[in-house]
Amino acid sequence: MIPVVLRFWLVAALLLSLSACGLWTRDITESPAPLPEFTAVGSPNTLWSRSIGRGADRSIWQAKPAVTDDLVLVADSRGRVSALDRGTGTPRWENRLRDVRVSSGVGAGADIAVVGTMDGTAIALNLDNGDEVWRTQLSSEVLALSTVAGGVVVARTNDGRLHALDASSGTVRWTVLRTTPALSLRGVQVPQMLPGRVLASFDTGRLLMLGTTRGNVLWEATIAVPSGRSELERLIDADGHIPVYRGVAFASTYQGRLAAVTLDSGDLIWARDFSSYQGGDIHGDSEILVMTAADSHVWGLDPRNGGDLWQQRGLRLRDVTGPVVIGDQAVVGDYQGYLHWLRVDDGRILARTRAGSRAIVTRPVLRDDVLYVVSGNGQVSAIRARVGND
């Protein structure tokens with residue numbers, strides 16, 4: 001079943017043929033599942049929680065927190081960028097960027113924090129005090145920003161371009177363009193920085209590996225090919241988080257496929273039908289690939305061949321985020337601000353807590369066994385990643 005997106009956006013896109021129009025995927029013909037009942041094995045431990053502003057609502061899909069050794073960096077849609085003490089949540093500094101609507105970020109590293117704006121600007125701030133370091137105008141709205149690595153930060157813009165920006169000056173080192181379809185989902189994959197390389201996926205269902213220094217294409221792989229008569233049926237955005245494990249990347253598309261490809265060459269190991277715009281995760285302790293499907297069912301799959309191991313249907317249509325896997329547990333957020341802990345070996349729900357009164361709109365960030373979560377009402381929380389192991 002193809003989800004029915006919000007009527008306004010769909011009609012506007014079809015009538016006006018808006019390029020790369022952002023569409024949500026909530027099925028409005030069926031209500032989200034109620035909170036499932038379960039037998040708890042432990043209580044999630046919230047270390048601290050703080051309100052930072054308007055928050056990461058649906059207009060800034062990729063405004064995710066960045067976590068450094070001692071800071072949690074967050075941005076709200078009105079241009080307020082905040083640095084919080086990682087251990088206590090105490091504010092270290094704040095910069096209210098004037099006349100700016102933040103659309104993406106935060107990318108951090110090399111002593112800077114970078115946010116992107118709806119008017120296509122990338123802005124870098126000093127990690128020590130929040131002062132502006134540089135500002136670079138790009139080709140269109142900035143939809144995602146990588147971490148800062150190898151002296152660059154990679155920005156993905158709404159027109160299908162990747163821009164590598166020099167971390168010290170903001171100068172554009174290289175730009176790579178891939179065609180953008182007339183209609184796409186709202187949101188893109190955050191470019192993933194690997195040693196000397198950048199892994200990126202596109203709304204055409206393709207996966208690309210680039211060299212960090214020159215932007216040269218090392219390989220390109222097709223995950224899915226569009227099919228169907230209408231633009232809606234042909235949506236195959238590859239937007240979700242791409243887990244990398246033992247030299248293999250696991251990339252998924254909406255209304256398309258899930259595929260395992262080698263990092264060195266992009267060769268296909270296996271592929272299966274699967275629809276996801278949130279992606280998945282895997283951890284060496286369990287060696288089970290956990291994926292969030294487009295209908296918010298959470299799956300456990302065999303990473304060797306993509307075979308089914310289990311399926312958790314209790315969170316159906318709850319706009320579940322991509323999972324974060326910690327050992328034998330996986331954590332996902334939902335549209336009401338809840339976090340759910342699942343057993344990786346069978347998908348059973350173990351625990352639940354509420355991190356905010358509105359949606360958890362981006363995949364939580366894991367650092368040193370702590371999850372950092374932002375909800376749509378601007379609540380930032382640090383929560384122990386595991387339950388029931390004390």
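Leaving aside its neighbours within four places in sequence, which residues is S381 in contact with? The answer is W48, S49, A355, L371, Y372 and V373, where contact means heavy atoms within 4.5 Å.

## What you are looking at

This is a predicted model, in which local features need pLDDT of at least 70, side-chain atom pairs count only at pLDDT 80 or more, and totals for chains, interfaces and linings use all residues. Residues are numbered from 1 along each chain as its sequence is written, and side-chain values use heavy atoms, with hydrogens and water left out.

The protein has 33 strands and 1 helix. Both kinds of element are DSSP runs numbered from the N terminus: helices are H or I runs of at least four residues, and strands are E runs of at least two. Of the 390 residues in the protein, 61% are buried; that word stands for under 20% relative accessible area, with exposed meaning over 50% and partly exposed in between (1.4 Å probe, protein chains only). Among contacts with a separation of 6 or more, 48% come from residues 24 or more positions apart.

The mean pLDDT of the protein is 88, and 88% of its residues reach 70 or more; pLDDT is the predictor's confidence in each residue, from 0 to 100. Please read two stretches with care. Over residues 1–24 the pLDDT is below 50, although the model gives this stretch 56 contacts beyond near neighbours in sequence. Residues 55–61 also stay under 50, and here the model has 35 contacts beyond four places in sequence.

## Around S381

Let us return to the serine from the opening. S381 is found in strand β33, which covers residues 379–384. Its relative accessible area is 2%, so S381 is buried. The side chains of S381 and S49 are joined by a polar contact of 3.0 Å. A polar contact is a pair of N or O atoms within 3.5 Å; within protein, one must be able to donate a hydrogen and the other to accept it, and residues adjacent in sequence count only if both atoms are side-chain atoms.

Strand β8 (residues 112–117) is mostly covered, with 6 of its 6 residues buried. I112, V114 and G116 point one way from β8, while A113, V115 and T117 point the other way.

On one side of the sequence comes β7 (residues 102–109), which runs antiparallel to β8 and is joined to it by 6 bridges; DSSP must find at least two bridges for strands to count as paired. G107 has V114 in β8 as its bridge partner. The β7–β8 hairpin has 2 residues between its strands, and A110 in the turn has a positive phi of about 50 degrees.

β8 also pairs in the antiparallel sense with β9 (residues 121–126), over 5 bridges. In this pairing V115 stands opposite I123. The β8–β9 hairpin has 3 residues between its strands, and G120 in the turn has a positive phi of about 90 degrees.

## A four-stranded sheet

An open sheet of 4 strands runs in the order β23-β24-β25-β26, with antiparallel pairing. Its edge strands, β23 (279–281) and β26 (308–312), each pair on one side only. β23 pairs with β24 (residues 289–292) over 3 bridges, and M291 in β24 is the bridge partner of G280.
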